[in-house]
Amino acid sequence: MKLGLVIDLDVCVGCHACAVSCKQWNTSGTTGPLTDYHPYGEDPGGVWFNRIRHYEVGDYPNNKTINFPMSCMHCEQADCVDVCPTGASYKRAEDGVVLIDQDKCMGCNYCSWACPYGARELDRESGTMKKCTLCIDRIYDEELDPVDRQPSCVITCPAHARHFGDFDDPDSSVSRLVRERAGYQLMPELGYNPTNQYLPPRLTRPVPVEDVKRKSLIHSVRDWVNKAVVR
Amino acid sequence: MHPAFSVIFFTVASGAGYGLFILMVLARLFNAEGMNGGTMLSAGILALVLISAGLLSSTFHLANPKNAWRAFFRFRTSWLSREGVFAVLFYPFALLYLLLLWVLDNQDSTLMNTIGVLALLIALATVFSTGMIYGCLKTIRQWHTALTPANYLLIGLATGGVLLVMLIMMNGGRGSSVAWLAGALLLIAAITKAVYYFWISKVIGPTINTATGFTRAQVRLLDTGHTAGTFLTDEFGYQTDPKQLESLKYMVFIFGFFLPACFMAAVFAGAGGWGSALLAALCMLGGIGVERWLFFAEARHVVNLYHGARHT
């Protein structure tokens with residue numbers, strides 16, 4: 001098995017719900033807590049397994065905002081595991097999930113240096129490295145309904161931008177999505193062969209502008225007055 | 001990268017210590033002048049002090065040092081683990097070498113020389129591993145080059161050479177052959193460092209386009225998604241004025257290489273006393289400290305691409 005996520009950049013609305021639900025589930029999970037530093041102070045920080053960045057792609061008027069969620073890619077070639085001197089970082093042979101044994105980690109930060117995707121964050125409170133577990137304490141839990149045996153971020157996403165499944169199975173939903181929507185890996189040139197894949201935005205129908213009339217003089221004056229007058 | 005003082009001190013001090021030990025064994029093996037009992041003993045002790053202080057300092061950057069003992073178990077894949085194993089393995093050989101030297105009252109013996117050569121090889125392996133810790137990271141193009149371990153080895157040996165000349169002169173010797181060797185090492189180290197600075201000035205590798213997968217248009221960061229700093233921005237977001245970096249490079253070449261090399265030339269020509277030798281050694285350690293600071297400060301991790309950098 002090769003478990004991972006597919007993230008649909010076409011529909012992600014950038015609401016950060018995945019990050020929040022991840023934090024909520026995992027702070028009491030196997031690698032919890034996800035410590036917060038001065039949460040009510042001026043400079044609130046802390047450990048997150050999910051980070052969402054926002055980019056502008058292309059130049060106006062052919063530009064588009066892309067919301068970009070990133071978590072651990074559970075790479076096939078996981079250098080973070082190879083460089084770990086203590087053996088705390090490991091990649092499970094059965095499903096390819098990369099995890100950190102919190103009892104073995106010495107907090108040297110070396111694995112975070114080896115990770116190109118910024119998936120690993122040190123918890124300054126416990127002194128250990130923490131990262132996305134693909135909700136390992138959830139996806140195999142037979143007490144849960146089968147539909148709930150998915151990572152927290154996937155279940156939460158209101159836009160259905162996140163999909164979870166087995167990439168080794170060519171008929172799984174994630175494999176099909178990658179095939180049909182030309183899913184891609186990030187920074188393939190580094191050779192990490194990340195498992196998680198991203199679906200590019202769909203080509204959209206251009207908005208017709210031929211029928212838009214020029215503004216009349218009276219409309220232009222009214223718009224100018226509306227802008228000029230401070231209410 | 002954030003230049004952590006503990007790691008800078010560790011790499012400079014232990015590199016100098018291993019370099020000193022290696023050159024001490026070599027100089028003794030080839031019967032270089034001035035390698036009397038006093039020089040050998042003081043060089044051995046200074047080397048061990050530098051190495052131990054460095055190794056101790058390296059544990060200060062660990063967030064959870066109580067698990068540091070586990071770091072010896074991933075020898076098969078991790079250069080950090082290899083460095084730890086070699087560093088610990090060095091001690092019994094080095095101590096036995098010095099003990100035999102003392103017991104045999106400064107007489108040479110095959111056993112002592114064999115142990116010395118073994119310690120020398122382990123010391124070389126340790127410094128090489130230190131370089132490879134950085135050299136093996138594909139995420140930082142400024143480090144991912146064979147020049148990284150080469151620099152670590154050459155600078156460690158050159159620093160050790162300058163320290164050995166200082167100790168020879170403190171023990172009343174002249175040491176012109178060691179000074180010649182140290183001068184040559186300084187020259188080669190300076191050339192590889194210059195090649196390294198030239199190499200990293202050419203931008204290669206991932207860009208913000210390959211990082212996001214949008215390779216057919218301009219990509220600009222709108223928002224990082226957090227209002228305060230994160231572990232990633234603290235650890236990898238270190239940035240400083242490029243002009244300052246440039247002027248520090250001059251300092252590296254003047255204090256780290258040129259002035260010590262001038263002094264080595266003076267010793268070779270028969271001038272200079274132990275006071276100026278000490279000055280040259282301190283000058284070199286300072287210059288190499290700056291070199292190590294630059295090594296970290298100039299390294300740009302690819303995660304910066306996700307925080308808006310166009311290239312690394």
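Visitor: What radius of gyration does chain A have, and what would a compact globule of 231 residues have?
Guide: Chain A has a radius of gyration of 22 Å, whereas a compact globule of 231 residues would have one near 17 Å. The radius is taken over C-alpha atoms, and the globule rule is 2.2 Å times the number of residues to the power 0.38. This is a predicted model, in which local features need pLDDT of at least 70, side-chain atom pairs count only at pLDDT 80 or more, and totals for chains, interfaces and linings use all residues. Residues are numbered from 1 along each chain as its sequence is written, while chains are lettered from A and ligands numbered from 1 in the order in which they are written.

Visitor: What does the C-alpha trace of chain A span along its principal axes?
Guide: About 75 × 50 × 40 Å.

Visitor: How many helices and strands in chain A?
Guide: Chain A has 7 helices and 11 strands. These are DSSP runs numbered from the N terminus, with helices being H or I of at least four residues and strands E of at least two.

Visitor: What share of chain A is buried?
Guide: Of its 231 residues, 45% count as buried. Buried is 20 or more other C-beta atoms within 10 Å of the residue's own, exposed is 12 or fewer, and partly exposed is in between, with C-beta atoms placed from the backbone.

Visitor: What sits in the loop between α5 and β10 of chain A?
Guide: H160(A) lies there, with α5 covering 152-156. Its phi is near 55°, a positive value in a residue other than glycine. H160(A) counts as exposed because it has 10 other C-beta atoms within 10 Å.

Visitor: Which peptide bond at P33(A) is cis?
Guide: The one from G32(A) to P33(A), with omega near 0°. P33(A) is in the loop between α1 (17-26) and β2 (36-37) of chain A. Another cis peptide bond joins Y60(A) and P61(A), where omega is about 5°. P61(A) is in the loop between β4 and β5 (64-70) of chain A.

Visitor: Now the interface. How many residues from each chain go into the contact?
Guide: Chain B gives 43 residues and chain A gives 47 residues. Two residues are in contact if their C-beta atoms, placed from the backbone, lie within 7 Å. On the side of chain B, the elements giving two or more residues are α3 (79-103), α7 (208-212), β1 (219-223) and α8 (231-236). The largest share, 5 residues, comes from β1(B).

Visitor: What's the class make-up of that side of chain B?
Guide: It has 21 nonpolar, 16 polar and 6 charged residues. Ala, Val, Leu, Ile, Met, Phe, Trp, Tyr, Cys and Pro count as nonpolar, Asp, Glu, Lys and Arg as charged, and the others, Gly among them, as polar.

Visitor: Which strand of chain A pairs with β1(B)?
Guide: Strand β4 of chain A, residues 51-57, in the antiparallel sense over 4 bridges. There, H54(A) has D223(B) as its bridge partner.

Visitor: Where does α9(B) bend?
Guide: At I254(B), by about 30°. The bend is the angle between axes fitted to the seven residues ending there and the seven starting there.

Visitor: What covers the buried residues of α9(B)?
Guide: The cover includes α5 (147-170), α6 (176-200) and α10 (274-297) of chain B. Among the buried residues are V252(B), F255(B), F263(B) and F268(B). Just after the helix, G270(B) takes a positive phi of about 95°.

Visitor: What is the phi of N106(B)?
Guide: Near 70°, a positive value in a residue other than glycine. N106(B) is in the loop between α3 and α4 (110-135) of chain B, and counts as partly exposed because it has 14 C-beta neighbours inside 10 Å.

Note on methods
Pairing = 2+ DSSP bridges.
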